[in-house]
Amino acid sequence: MNSLLRLPFLLLSVILMTQCDRPAPETPVLETGVSLALAQARAQELQEVRYTLFFNIPSQVSAPIPASMEVKFNLQEVANDLILDFRADSSQVIGVQQDGEPLDYRFEQEHLIIPKNYLSEGENSFQIKFIAGDQSLNRSEEYLYTLFVPDRAATAFPCFDQPDIKARYSLSLELPADWVAVANGALLEKKERTERVVYRFRESAPISTYLFAFGAGKLRQETRTRDGREMTMFFRETDDEKVAANVETIFDLHATSLAWLETYTGIPYPFEKFDFALFPTFQYGGMEHVGSIFYRESSLFLDETATENQKLSRASLIAHETAHMWFGDLVTMQWFNDVWLKEVFANFMAAKIVNPSFPEINHDLRFLLAHQPTAYGEDRSEGTHPIQQKLENLKDAGTLYGRIIYQKAPVVMRQLETLIGEEKFREGLQEYLREFSFANATWDDLIGILDQKTAVDLATWSQVWVKEAGMPQFSSQLQGQALIIEQTPQVESGRFWTERTDLILFKEEGPSKIPIQIEGQAETRINIAEEISDGIPYLLNGSSMSYGYFPLTTEMQNYLLENGKNLSDPLLRGAARMALYESCVRGQLSPQKLFSSLLEALPAEQEPLNRQNLLRNLQTLYWRFLQSEERQEAASTLEKLLWQQIQESPDISAKSAYFQSFANIAQTSTAMDQLYAVWSGAAPIAGLPLSESQLTNLACELALRLPEQAGEILDQQYAAIKNPDRQKRLAFIRPALSAEITARDQFFDSLTKAENRHYEPWVGSALSYLHHPLRAKEAEKYILPSLALMEEIQITGDIFFPRRWITATLSGHQSASAAKIVRDFLAERPNYPYRLKNKILMGADLLFRAEEVLD
């Protein structure tokens with residue numbers, strides 16, 4: 001007998017109940033993934049689900065993971081076969097038993113099917129032995145962590161992998177003796193064995209499969225108590241000084257977020273414990289697992305030279321993931337077409353939460369710059385889509401994620417809050433959380449609650465903002481004392497957007513702000529009570545929640561180009577530059593004009609958020625919208641200005657922002673010498689200490705620009721790195737930096753194998769170097785095979801990876817030939833999956849626009 005069959009079975013209960021007042025659901029046609037029909041049928045049948053799981057984690061990263069579970073459920077009526085999802089090979093199912101006796105089962109289309117003749121009314125139980133699937137266990141030599149969002153739990157173990165079948169989880173892990181573990185539930189028991197250890201955790205609260213999680217490995221721990229709540233942080237960072245400089249702030253930010261959310265929602269933290277684990281290779285910023293948030297380590301452990309924007313980003317990330325404990329974990333979307341709902345509330349609440357922690361920050365400006373520019377990058381593209389998207393099968397759920405969900409939706413939510421009133425909005429959210437606690441809800445459920453608290457027709461408002469694609473586009477003119485605003489209708493429905501914004505009149509005595517509402521109709525006429533002189537400059541997007549394309553006349557462009565830097569209100573400076581940038585990328589304003597204006601404005605811009613955005617726009621214009629010859633002409637001026645700012649800036653945050661930009665754009669031999677002297681330690685910058693990570697990034701930039709010295713630079717940097725995880729990262733991306741084209745070719749070829757894309761953040765960094773603008777011509781040959789891999793990457797990668805893969809691939813290109821490759825690829829595949837097509841079109845937006853501007 002196979003030794004795996006001697007593994008002890010552990011209890012896992014699932015209560016299966018059919019509503020007696022409904023007809024029994026028909027068995028849906030079976031297909032891979034979880035179809036909407038299957039999900040609806042199972043949600044009608046299953047309630048009070050419980051899972052108890054055991055995983056035996058070997059010390060060898062390539063060794064299989066034996067596992068076992070027991071299923072227990074109550075069924076009021078026997079109607080259908082029991083269908084569990086298991087996205088693995090059929091050979092990984094070792095056996096299924098009922099009450100200790102083997103039974104016959106089927107394995108079809110990635111589903112484990114127990115025939116209904118084994119089911120009976122009342123209580124049933126089944127036991128399953130299996131080999132856990134590896135795809136979403138993220139195994140490394142010294143640690144592993146699960147990441148099951150949106151539909152990846154079934155890649156590891158048999159389950160009902162859909163968000164509206166919430167379950168309680170009891171977990172046991174057998175691990176190497178020097179590993180520790182963290183999971184959703186509190187630690188119940190730890191048993192030492194010879195060279196092994198077993199962790200057993202308490203049963204969790206009811207949660208969706210994508211929120212079930214555990215992490216384990218050689219992890220360090222820090223525990224703190226805040227407001228009477230004990231929290232433990234698990235991490236890998238070996239730099240004790242960096243840990244000490246960050247640890248208290250990390251705990252404080254979590255505690256602040258928890259306290260704010262408890263007050264705002266009126267609901268105490270709804271789960272048993274609150275821990276978090278940091279992993280160096282985590283695929284994205286964070287993931288809101290109940291009781292055990294996972295983060296990318298570098299997102300929380302900041303360098304000494306962190307900019308204000310980086311500090312705000314960390315605070316926002318922590319607030320975002322903490323907000324999910326209520327919005328997403330306590331109340332979960334019914335189906336992943338509403339995944340945006342949990343994300344919008346997390347981002348929306350995060351913007352509110354961070355305010356008290358950063359009293360010196362202009363938070364309206366922060367909201368504007370954190371949302372609209374990024375959202376516009378997708379919403380202006382040919383791949384735009386509604387906030388709420390259709391979803392026929394959960395296997396495609398990962399393609400729903402993107403910047404429209406994360407950045408556009410919070411702006412829309414702020415519009416909604418303003419429309420119905422802040423207090424009424426909060427009351428509605430509290431009612432929503434109470435009514436659907438530990439259950440599932442839809443956007444329409446929330447709108448139904450809010451609709452009772454306002455006279456506004458929220459259903460109509462929601463239709464165009466949430467359920468239809470595209471961004472508003474306005475044209476306007478002043479006629480006497482009236483402002484006439486016309487808007488372009490939504491392409492498919494012909495509907496119009498209702499929007500609150502601020503009209504800014506640039507009077508001689510200073511800007512005048514007038515709150516206005518653009519009605520959901522073709523034309524809105526607004527009578528202005530203030531006296532208006534003929535030809536007065538004005539701006540329509542003067543609010544932090546203004547959203548859309550607000551075209552600027554040539555006169556208005558010239559006014560802002562010349563006077564924008566002199567506006568005293570930081571929000572207006574940010575809004576003005578955003579309007580100018582949109583005009584530029586849409587071909588209505590010369591990139592050279594905008595570049596020169598921003599260059600002139602840079603020394604005077606003292607607001608950290610505006611400064612960071614200005615630097616970002618300068619770099620985009622420099623690499624994407626200036627010809628190679630124009631860059632060479634501008635390089636010396638830009639480099640000298642940035643270097644001067646580095647030397648003269650009094651605070652470390654500003655120095656760091658300028659230096660990062662300097663390293664990113666450096667091209668002249670003088671700049672190369674300056675960077676090399678800083679990296680080598682021959683000429684460090686006073687007041688700007690560089691961390692191990694920053695020195696490594698600087699070495700990579702130098703290797704790109706000094707190909708003859710690349711090997712020597714990277715050898716020295718590798719030897720200087722003390723953290724083993726950072727050494728592995730540099731070793732991984734090094735071939736992408738090679739001066740030899742054959743080495744880069746071989747590296748790209750290696751990425752065609754899924755196992756070589758395991759560390760997705762590293763892959764993204766390597767692709768960015770591979771496709772750097774300085775090597776764009778040589779890298780163009782990688783575009784077509786990269787596009788061809790997109791479907792596979794959707795299957796094997798995590799939710800953000802397809803978009804990041806194509807963005808990194810296209811980020812260094814601006815040529816017509818590169819744009820043609822993308823166009824031809826899509827034209828030759830008329831039946832290409834439309835969601836992936838949208839990802840490609842989003843990633844190619846600046847490439848297409850640069851092609852038009854530079855033509």
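Guide: A word on naming comes before anything else: helices (H or I, at least four residues) and strands (E, at least two) are DSSP runs, numbered from the N terminus. What you see is a predicted model, in which local features need pLDDT of at least 70 and side-chain atom pairs count only at pLDDT 80 or more, while totals for chains, interfaces and linings use all residues. Residues are numbered from 1 along each chain as its sequence is written, and side-chain values use heavy atoms, with hydrogens and water left out.

Visitor: Okay, where is Glu-701 then?
Guide: Glu-701 sits in helix α18.

Visitor: Is Glu-701 buried or exposed?
Guide: Its relative accessibility is 11%, so Glu-701 counts as buried; buried means under 20% relative accessible area, exposed over 50%, and partly exposed in between, with a 1.4 Å probe and protein chains only.

Visitor: And what does Glu-701 touch?
Guide: Leaving aside residues up to four places away in sequence, Glu-701 touches Ala-663, Asn-664, Tyr-769 and His-772, where contact means heavy atoms within 4.5 Å.

Visitor: How many residues of α18 are buried?
Guide: The helix is mostly covered, with 11 of its 14 residues buried, among them Leu-698, Cys-700 and Leu-702. The elements covering the buried residues of α18 include α14 (608–625), α16 (652–665) and α22 (760–770).

Visitor: What length does α18 reach?
Guide: Helix α18, residues 692–705, reaches 20 Å from its first C-alpha to its last, which is close to the 20 Å expected at 1.5 Å a residue; the expected span is 1.5 Å times one less than the number of residues.

Visitor: Switching topic, at what angle do α4 and α5 pack?
Guide: Helix α4 (residues 308–323) and helix α5 (residues 339–353) pack at about 130°, and their axes are 8 Å apart. That angle makes α4 oblique to α5, since angles under 35 degrees count as roughly parallel, over 145 as roughly antiparallel, 65 to 115 as roughly perpendicular and the rest as oblique. Axes here are lines fitted to C-alpha atoms, for helices over the stretch in contact, and angles run from 0 to 180 degrees between N-to-C directions.

Visitor: Which residues of α4 and α5 meet?
Guide: Ser-316, Ala-319, His-320 and Ala-323 in α4 meet a set in α5 that includes Glu-343, Met-349 and Ile-353. By class, this contact of α4 with α5 has 6 nonpolar, 3 polar and 1 charged residues, where Ala, Val, Leu, Ile, Met, Phe, Trp, Tyr, Cys and Pro count as nonpolar, Asp, Glu, Lys and Arg as charged, and the others, Gly among them, as polar.

Visitor: What about α27 and α29, at what angle do they pack?
Guide: Helix α27 (residues 816–827) and helix α29 (residues 845–854) pack at an angle of about 130°, with axes 9 Å apart, and α27 and α29 are therefore oblique to each other. Residues including Val-822 and Arg-823 in α27 meet Leu-847, Phe-848 and Glu-851 in α29, and the residues of that contact divide into 6 nonpolar, no polar and 2 charged.

Visitor: Last topic, which peptide bond is cis?
Guide: The bond from Val-149 to Pro-150 is cis, with omega near -5°, and Pro-150 lies in the loop between β10 (143–145) and β11 (167–176).

Visitor: What is phi of Asp-99 near?
Guide: Phi of Asp-99 is near 55°, a positive value in a residue other than glycine, and Asp-99 counts as exposed at 59% relative accessibility.
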